Amino acid sequence: MTCVALAIEDYALISDCYTGALVGRDGSIDWLCLPRYDSPSVFGALLGTQDHGRWLVAPTDPEATNERHYRGESFVLVTTWTTADGVVEVVDAMPRTPHSANLVRRIRGVSGEVEMCVDLRMRFSYAAAVPWVRQLHDEHHTLLAAAGPDALVMRGVELHPTDHAHEGTFTVREGEVIDHTMGWYPSHKPLPDPIDGPKGIRESEKWWADWAATFTHRGQYADEVLRSLLVLRALTHDETGGVAAAATTSLPEEFGGTRNWDYRYVWLRDASQTISALLAHGYRDEVDHWRSWLLRALAGDPDDVQIMYGLGGERFLPEYVIDTLPGYHGASPVRIGNAAAKQFQADVIGEVMIALHDARLSGMKETDFSWSLQRALMGRLNAVAHRADQGIWEIRGPARNFTHSRVMVWAAYDRAIRGAEEFGLEGPVEDWRERRAALRKEIERKGFDRRRNTFTQHYDTAEVDASLLQLSQVGFIAPDDPRMLGTVEAIENDLLHRDFLLRYRSRTDLDGLPQGEYPFVACSFWLVEQYARSGRLEKAHELMKRMCAVANDVGLLSEEYSTASGRQAGNTPQALSHLALVRAADAIARAEGHGESLVGGGSPSRALDAVDT
């Protein structure tokens, strides 16, 4: 029987902060790229069928039911299966082992006895290569699989080859424990020693618990905030400091559609906002790590700044279509790489400057290079600030003067000015002030529709865009300013779809793509934040609860949500969705008097506002 991928919300992430595996409710690991998130897949059933690679460990009983949860504040996944004959627990974890990648699947008999099955199908290079497999017939029943530069070693119960798969069954009784382990290593290197599964699980759980121990949040959404921060940390590569936008590629923004993109890379925008979210909750080490990543990625020449990079700072991310994976439930094409890497998006320098200013506000000192890097970025901005761009949504149609982009250019100058005036840093402050003031006048004249009392998506339209909700977040306008309230009203009228917010109306000729996509999760959380910051707490709570309910059973959010089917859509777990949740919860907590947060950098001081007026 051919098995297709589960619903997106039926997958849980396990991670070692280098890469991550998606484990389905059925016990099958259907997505895993090794050794990094942006490496080729070895299990690719998520974008096809079991024959595109998977690792199933589950009861043979087709009537078995299960419940699952993360153990504490970790990414150690515990699935408890109940059958007619007994109960068994499967613990899935990825021990943190630098320069390799290991998975442990520990099966423990809880009561009675349960017959279990293993179905292992290894497919390298996005299912383009079936590996050469050897069986060592040792005490560990070791399997070695190699294809090109990659190799896997599997240890556990004995498996038997069956038509490019390896299968086995075994019975677990009460009190018995059986470990299955998998390790990746470069194929030209010696076979690594067996890993200690129980020790790996314990150490993984302890690392996550230690990381979460410093978390504080006094609002009522603390659990959701903590899980979101954990997701953001899981997507942050432990060695390089790069923050992946998601763990997957080509999960469709509309089921069966063509809006399928590869999100396993570092967008400066998403990474900057992630750093601000982590920083607001006391996680400062990640900021230092990311600042170092940023310097390496820019390679000393901000004139060549891109909007996105590989996890190690790689610049060359060509987009191409593969035919070895047919797509999630047939949604094609499946894309690797992302052509947006070569787009001009005017907002990204503003995002970076906001994050680095947040770091200053938190008490972090500028390093020998960090302010000079910002000065260089501002120099680059001077040269390109006048240009139309592709915008935050990476429009593949003509470049436009997007209002959000123009405001983020304003924000870049604003944070540079504040760095000089509030922290004594050197720079051409008068020039920056003049540019900031000119931008404000331009935006208020060209990006505002006085007839509808709303800011507009771009200078040549009366349409609105959910990204306009960020105007108050970055301090361009007060959240309760009549013009901002008018913008919110227009967004509610035009973009609310069954109580969830669209990015923009795709039926316009804006993006050059076929019409149709689902509400964008982050946008609804932006609306929650706006409600909270403008004193509409009842509305904020109402929408916040609705959005938190969109998360799956282990608290993960994808990119979009289908209101018609009640299903998650788009790549998962999505960093932007989770950091928008954090911001929204923080805004509600502040509005209810639970303390301040540095997320978003706050608003400009009155003195700075006066300069722009």
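Modeller: Ala, Val, Leu, Ile, Met, Phe, Trp, Tyr, Cys and Pro count as nonpolar; Asp, Glu, Lys and Arg count as charged; the others, Gly among them, count as polar. Keep that at hand. This is a predicted model.

Colleague: How do the residues lining the largest cavity divide into nonpolar, polar and charged?

Modeller: The largest cavity holds about 300 Å³ of space. It is lined by 23 residues, and among those closest to its centre are Tyr263 and Arg503. Tyr counts as nonpolar and Arg as charged. The whole lining divides into 12 nonpolar, two polar and nine charged.

Colleague: How many cavities of 30 Å³ or more are there?

Modeller: A cavity is a set of points where a 1.4 Å probe fits but cannot get out. By this rule, the count of cavities of 30 Å³ or more is five.

Colleague: What kind of pair do the rings of Trp293 and Tyr309 form?

Modeller: Trp293 lies in helix 5 and Tyr309 in strand 17, so the pair ties together parts 16 residues apart in sequence. The ring centres are 5.7 Å apart, and the planes stand at 85°. Planes over 60 degrees apart count as edge-to-face. So this pair is edge-to-face.

Colleague: Is Phe448 buried or exposed?

Modeller: Phe448 pairs with Phe455, with ring centres 4.9 Å apart. Buried means under 20% relative accessible area. Phe448 has 12%, so it counts as buried.

Colleague: Which ring does the charged end of Arg440 sit over?

Modeller: A charge sits over a ring if, for Arg, CZ is within 6 Å of the ring centre and within 35 degrees of the ring normal. The charged end of Arg440 is 4.4 Å from the centre of the ring it sits over, that of Phe476.

Technical notes
Residues are numbered from 1 along each chain as its sequence is written. This is a predicted model: local features need pLDDT of at least 70, side-chain atom pairs count only at pLDDT 80 or more; totals for chains, interfaces and linings use all residues. Side-chain values use heavy atoms; hydrogens and water are left out. On a 1 Å grid over the protein atoms alone, a cavity is a set of points where a 1.4 Å probe fits but cannot get out, and a pocket is an open set with protein on both sides within 12 Å along at least five of seven lines; lining residues have an atom within 4 Å of a point. Grid points are joined across faces, edges and corners, and a volume is the space filled by probe spheres set on the points. Rings of Phe, Tyr and Trp (its six-membered ring) pair if their centres lie within 6.5 Å; planes under 30 degrees apart count as stacked, over 60 as edge-to-face and the rest as tilted. Helices (H or I, at least four residues) and strands (E, at least two) are DSSP runs, numbered from the N terminus. Buried means under 20% relative accessible area, exposed over 50%, partly exposed in between (1.4 Å probe, protein chains only).
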